[in-house]
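I opened the notebook to record what I looked up, one topic at a time.

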Amino acid sequence: PTYPGDKMELKTPNSAHVNTIYGPVSGSETESIDIKVFKGVPYARPPVGDLRWRAPEPPHRWQRVRSSTKFGAPCWQPHSENAFVWSRGIFKRSEDCLYLNIWTDQSIQSPKPVMVWFHGGGHTSGWGHGEIFDGTRLAKLGVVVVTVNYRLGPWGFLAHPLLANESDQKSSGNYGLLDKIASLKWVKDNIENFGGDPDNVTIFGQSAGSMSVCALMASPLSRGLFHKAIGQSAACLDEFKEDLNGFERGSEMIETTGAKTLKDLRSLTNQQLLDASKTSVKWNSRSKITIDGWVLSEPPIETFAKGRQSEIPLLVGSMANEGHLLFPLNEGLSSLELDHYLIQKYGEQSLKEFKDLYKDDLTKSPGRALREISTDHFMAYSMRLWAELNARKGQPTFLYFMSHVPPAFQIYLAENPELNLALGPRSAGAYHSGDLAFVFNNVGKIGLDWDKADFDLASRISKYWTSFAKTGNPNTPQQENWPAFDAVNYNTQIFDTPISTVQGIRKEKLDLMARATAKH
């Protein structure tokens, strides 16, 4: 928001401080002499006390220069150990967590494109200030990078009748999406003083962050706050068929706490909320995003199918081995149970085709076949569908598929990244989240066992991403051409050595999913 009578003294990022409409902030130097970082800048008031489970409020103003040299605390979430590459260890958490971080090149004075990052973690974990998300090297490519912390788990997505009844919009849940919208409003109001162009903002995210990018494209509340979008390894286009407003799963979770009133709810400790979220079956088995009637007025698939999403350039894609240790592998699943699942999801007429196309996985076990089918549907198919629906609007659209196999390491634990996989650091394939170091060009800065092919690919991917942020087209004269996606040729850029273009990836399988889903 802006305030009557506000006069902001324009400060360039190499000044002692930079003004925001809430007060001045000072940053710190990075490993690159031209790049300055501003850490832990508040974009909303702490969502505590009576502000728990409410839309974020603008920050309180301050007068003195605020030191922005330390990252804010991660939002409340479970500690995480022994969780493959996503382990986060033991760390400080806080409900006071609505902060963002800015990397900007002091040597470039003209307004620069802005890239706003939303981290992944299933909407239940993660933070935007891990070393893997350090924006220094992207900023060196001529963009301003912003990373955002947003409310997670029950703090960010609890939907409940008591909360809806007190809301002016009669909605609840999706507070984590409202946080992202608030961060984009902050960017619109303030980023010019950090050298950014508020009229050239790209949102990008991975996993739950990508799902949020998709949802924000469908939300009427975010119109005009961003101008391009990048989605990595998750969309929001699955059918919402039950408990659309989330009351059922939210009520089940809260019942375990004994809370009966709004006062009871807001008196629950963070540990009580965390314990309740761990034990609630419905809470853990369903999407955290809800159709609340305000942030999202209908399932996003309907918004996209009707062509009512934001009309912007889009770049999306996925990894070759997304399901590895991400999706459950039920080796006890029987052939009959697999048949039942496929008939229920796709219809009996498609059963034989699915079993024929996934016969290599089926020979290993029905559980393996189910995991691969579920992975392809959630990742490769949904990303292609997202691209199709955007291209249908006549918007520039680009699709990728990363088959290059990176080394696996603990991406959040920069000081202790080693995983010691029995079959070697590259035995996990092109795993979910394996693209992060490449996108931020932080190969070599975090992790282990990198080689020349990794460094080369990271340089290329980060240039594709920043070029797209600048112009809506990832291509530059120095890189391999990336043809736009359309529903005829299905042009897909393969990130491997060498980079290449194919007309559709796993096309038979994804075509079958499209046909079966449409019929069923």
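How many aromatic pairs does a search of the whole structure find? I noted 28 of them, in what is a predicted model.

I picked one pair to check. A pair of aromatic rings is described by the distance of the centres and the angle of the planes. For W482 and F495 the centres are 5.5 Å apart and the planes stand at 90°, so I wrote the pair down as edge-to-face. W482 lies in the loop between α16 and β13, while F495 is in strand β13, 13 residues apart, so to the chain this is a link between distant parts. I found both W482 and F495 buried.

Next I listed a cluster: ring pairs link F91, W117, W127, F133, F204, Y412 and F440. One of these rings, that of Y412, has the charged end of R88 over it, 4.1 Å from its centre. I also found the charged end of K180 over the ring of Y150, 3.2 Å from the centre.

Then I turned to the sheet. Eleven strands form an open sheet with mixed pairing, in the order β3-β4-β6-β8-β7-β9-β10-β11-β12-β13-β14. The edge strands are β3 (28-29) and β14 (500-503); each has a single partner, so one side of each lacks a neighbour in the sheet. I looked at β9 (residues 196-206) and β10 (residues 228-232), which pair in the parallel sense over five bridges. There, I203 stands opposite A229 in β10. Helix α5 (residues 208-218) packs on the sheet, and its direction makes about 130° with that of β9.

Last, I looked up R371 in helix α14 (residues 366-391). R371 counts as buried because its relative accessibility is 12%, and the cut-off is under 20%.

How values were computed:
Residues numbered from 1 in each chain as written. Predicted model: local features only at pLDDT ≥ 70, side-chain atom pairs only at ≥ 80, totals over all residues. Heavy atoms only, no water. Pairing = 2+ DSSP bridges. Helix = DSSP H or I, 4+ residues; strand = E, 2+ residues; numbered from the N terminus. Contact = heavy atoms within 4.5 Å. Axes fitted to C-alpha atoms, helices over the stretch in contact; angles between N-to-C directions. Buried < 20%, exposed > 50% of the residue type's maximum accessible area, 1.4 Å probe, protein only. Phe/Tyr/Trp six-rings, centres within 6.5 Å; stacked < 30°, edge-to-face > 60°. Lys NZ or Arg CZ within 6 Å of the ring centre and 35° of its normal.
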